[in-house]
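Thanks for coming. I will go through one model today, starting with a sheet and ending with some ring contacts. Please have a look at it first.

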Amino acid sequence: MKHTLSVLVENKPGVLARVAELFARRGFNIDSLAVGTTDRPDISRMTIVVDVAEHSLEQVRKQLHKLINVIEIVDLDPETSVARELVLAKVKVDKDTRSEVIEIVDIFRGNIVDVSPESIIVEVTGSSQKLQAFEDLVRPYGIRELVRTGKVALPRGK
Amino acid sequence: MQVKMTGAQALVRSLEEEGVEIIFGIPGGVLLPVFDVLYDSPIRKVLTRHEQGAAHAADGYARATGRVGVCMATSGPGATNLVTGIATAYMDSIPLVAITGQVATNLIGTDAFQEADTTGITMPIVKHNYLVKDPADIPDVVQEAFYIARTGRPGPVLIDLPVDVSRGELQYRRREHPVLPGYKPTLKGHKKQIRLAARAILEARNPVIYAGGGVITSGASAELKKLAEENGIHVTHTLMGKGAFPESHPLSMGMLGMHGTRCANYAMCETDLVIAVGARFDDRITGKLSEFAPKARVIHIDVDPAEISKNVRAHIPIVGDARQVLKDLNAAIREMRSEVQAPDRSEWNALIEGWKKKYPLTYDRDSGTLKPQYVVERIHALTRGEAIVCTEVGQNQMWAAQYYKVDKPRRFISSGGLGTMGFGLPAAIGAQLGKPGEVVFDIAGDGSVQMTIQELATAVLEGAPVKVAILNNGYLGMVRQWQQLFYHGKYSCSCLERERTPDFVLLAEAYGAKGIRVKDPEMVDQAILEALEAPCPVLIDFWVDPEENVYPMVAPGAPLYDMIGDLLYPVEKVHPEKAEEPFL
């Protein structure tokens with residue numbers, strides 16, 4: 001079962017290593033991990049997607065909490081939170097297929113951010129499922145390179 | 001007024017302000033600025049012979065005194081040599097501050113001479129660690145380190161100090177309190193949970209108390225005793241919990257688990273309520289997890305929320321400091337007593353007393369050979385059970401746990417979680433220096449003690465009159481026992497050839513300690529008395545029965561009722577369903 005944890009940490013050197021090391025050492029599986037600053041320069045937010053059973057999730061949370069630099073952990077409920085991921089994909093195109101690919105990009109409300117004679121780079125944001133669907137559709141044309149950010153998320157309201 | 005000083009001066013001043021009276025360590029290149037300042041400090045410097053010894057000595061000091069132990073080592077190999085000691089302290093939740101030197105900040109990451117990524121290496125085995133990059137941070141870092149080490153669930157904290165940072169300058173100022181936004185240990189237990197626990201205790205027909213090292217750490221022994229006595233509940237303890245509850249008390253069942261008493265293990269199989277205090281359901285305690293306390297509800301009191309329901313599901317979890325929680329719990333029980341109809345526990349108590357009588361810890365007393373258990377019993381008798389006993393790890397440790405009965409906390413010092421061979425002698429030195437007036441015994445094995453035997457030099461030069469009793473069987477005894485029981489008697493690499501090497505008496509004397517050899521049971525008392533009278537470190541080399549085993553025993557992975565090997569009593573497999581005697 002996948003869970004999305006939003007973890008506020010002190011913005012200090014080595015915090016990412018501590019968190020990653022904890023997951024490795026305790027045998028918890030990280031699906032994705034995204035780190036960035038918040039509106040406060042001394043605090044960063046990590047969005048961690050873990051794939052664990054309910055019982056282990058409790059351990060993940062408690063063990064994370066033991067890290068001195070971890071300030072707050074919120075288990076984000078998909079119903080009451082917003083989650084997004086960004087993909088950058090370099091898709092192979094030629095003069096025959098370019099318009100087809102652009103059509104797909106439009107349907108996914110993506111942007112074309114670079115064009116060359118043999119390829120275009122596309123950015124698409126959305127849920128992991130949406131990005132997966134996009135990826136599946138453009139794969140037949142040939143994906144030269146691809147990168148996904150991992151999920152970032154915030155709770156709704158308040 | 002703010003004072004200008006170097007990083008090294010700030011470090012030493014911060015240590016003095018934390019009340020540090022003793023540091024165990026070894027200097028080295030990048031630590032020289034610090035040792036140069038320490039030279040003029042009133043803090044006592046104990047030069048050990050190996051950094052592992054320094055860490056264990058600081059650990060033993062912490063366990064005996066309840067204060068934070070401090071050890072120091074240089075960068076690279078000095079720091080990596082501390083690792084075993086830090087991991088030992090981490091597993092047993094011992095407050096320790098380890099200070100390591102580091103290469104200069106501009107050399108970090110270049111594979112410089114004696115460089116190791118110390119914060120990276122120690123991350124999994126510390127409560128927290130710091131790499132200090134700015135001398136101005138030193139006072140805050142030291143203050144935070146000591147605060148983190150001793151509060152909540154205690155543990156080791158490491159400070160890595162590059163040499164240019166200890167040479168750099170700063171304006172010294174000290175905060176009133178450490179600023180740690182993410183660190184707020186819960187000390188007071190949840191009121192509602194405490195009331196639930198109180199009711200469960202009053203309503204239980206067959207309750208047992210399971211006391212761990214947390215009782216000792218939090219100073220909860222008096223409250224635990226009240227809980228047991230006011231409610232007539234028997235107590236079992238872990239290795240780390242030895243001394244948490246007086247072992248001579250009629251309600252004591254002794255230790256449980258792999259080498260626990262049959263009484264404690266059977267009680268755990270039959271109880272309907274486990275009251276776990278400051279204990280973490282280690283696999284050496286639970287045996288086969290799925291069959292641990294199968295009929296019981298579990299109250300789990302622990303200061304670390306992550307321990308609750310980690311191994312065994314807690315029905316009533318209470319996060320908090322054991323002393324505070326037990327105090328509130330005792331009060332809640334007293335309040336509730338009139339409203340709850342408590343069941344009759346006489347049958348349960350009679351059953352426990354029956355087990356105690358039927359299955360005492362015992363060994364063959366008439367063999368004519370020198371039995372290790374006998375040696376421990378005599379040390380117990382001649383020190384009136386009042387010595388601080390440290391142990392090495394292995395058979396010696398288990399015999400010490402079984403036969404040296406302890407009535408007070410902080411008097412049994414042993415590497416529980418990590419099982420670190422070589423722990424006992426340096427820990428004994430640390431304990432002795434922390435408690436100079438006490439008799440300190442290291443009950444040792446010939447294998448284990450050789451891992452840090454060089455610390456005899458430290459003991460001699462520091463005037464720490466520790467007594468080392470080697471239960472010398474010429475084997476890595478516990479390894480041999482497992483090979484005998486589970487590997488068809490193939491003693492692969494477990495024989496240490498007692499007849500040839502080393503001569504412990506000569507070795508002790510080479511270090512300037514006193515050495516005594518005992519092969520005859522008749523000579524045991526005389527040797528112990530001679531050691532107790534000597535004002536110096538004494539090593540007694542007891543040549544014990546080489547193939548004696550630690551019994552009873554629960555084989556690894558077996559359930560607690562499945563105990564093997566009582567020498568003098570026929571082994572009956574006591575399974576709750578198949579037992580001849582009436583289990584409840």
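Before the sheet, two terms: helices (H or I, at least four residues) and strands (E, at least two) are DSSP runs, numbered from the N terminus, and two strands pair if DSSP finds at least two bridges between them. This is a predicted model, in which local features need pLDDT of at least 70, side-chain atom pairs count only at pLDDT 80 or more, and totals for chains, interfaces and linings use all residues. Residues are numbered from 1 along each chain as its sequence is written, chains are lettered from A and ligands numbered from 1 in the order in which they are written, and side-chain values use heavy atoms, with hydrogens and water left out.

Now the sheet in chain B. Strand 5 (residues 96–102) and strand 7 (residues 156–162) of chain B run parallel and are joined by 7 bridges. One of the residues involved is B:Leu96, whose bridge partner in strand 7 of chain B is B:Pro156. The sheet as a whole is open, with 6 strands of chain B in the order 3-2-4-5-7-6 and parallel pairing. Which strands stand at the edges? They are strand 3 (44–47) and strand 6 (128–131) of chain B; each has a single partner strand, so one side of each has no neighbour in the sheet. On average, neighbouring strands of this sheet are turned by 20° against each other, direction ignored. For angles like this, axes are lines fitted to C-alpha atoms, for helices over the stretch in contact, and angles run from 0 to 180 degrees between N-to-C directions.

Helix 4 (residues 77–91) of chain B packs on this sheet and touches strand 4 (69–73), strand 5 and strand 7 of chain B. Contact here means heavy atoms within 4.5 Å. The direction of helix 4 makes about 165° with that of strand 5 of chain B.

Next, the rings. Rings of Phe, Tyr and Trp (its six-membered ring) pair if their centres lie within 6.5 Å; planes under 30 degrees apart count as stacked, over 60 as edge-to-face and the rest as tilted. Over all chains, the structure holds 12 aromatic pairs. One of them is B:Trp348 with B:Trp355, edge-to-face, at 6.3 Å centre to centre and 90° between the planes. B:Trp348 is buried at 1% relative accessibility, and B:Trp355 is buried at 0%. Buried means under 20% relative accessible area, exposed over 50%, partly exposed in between (1.4 Å probe, protein chains only).

B:Tyr363 and B:Tyr403 have ring centres 5.7 Å apart and planes at 85°, so this pair is edge-to-face. B:Tyr363 lies in the loop between helix 14 (346–358) and helix 15 (372–382) of chain B, and B:Tyr403 in helix 16 of chain B, so the pair ties together parts that are 40 residues apart in sequence. B:Tyr363 is buried at 2% relative accessibility, and B:Tyr403 is buried at 6%. Ring pairs also link B:Tyr266, B:Trp348, B:Trp355 and B:Tyr359 into a cluster.

Last, helix 20 (residues 477–486) of chain B. Its buried residues are B:Gly477, B:Met478, B:Arg480, B:Gln481 and B:Gln483. These pack against helix 16 (395–403) and strand 21 (553–554) of chain B. B:Arg480 also lies over the face of B:Tyr475, 5.5 Å from the ring centre. A charge sits over a ring if NZ of Lys or CZ of Arg is within 6 Å of the ring centre and within 35 degrees of the ring normal. Just after helix 20 of chain B, B:His488 takes a positive phi of about 55°.
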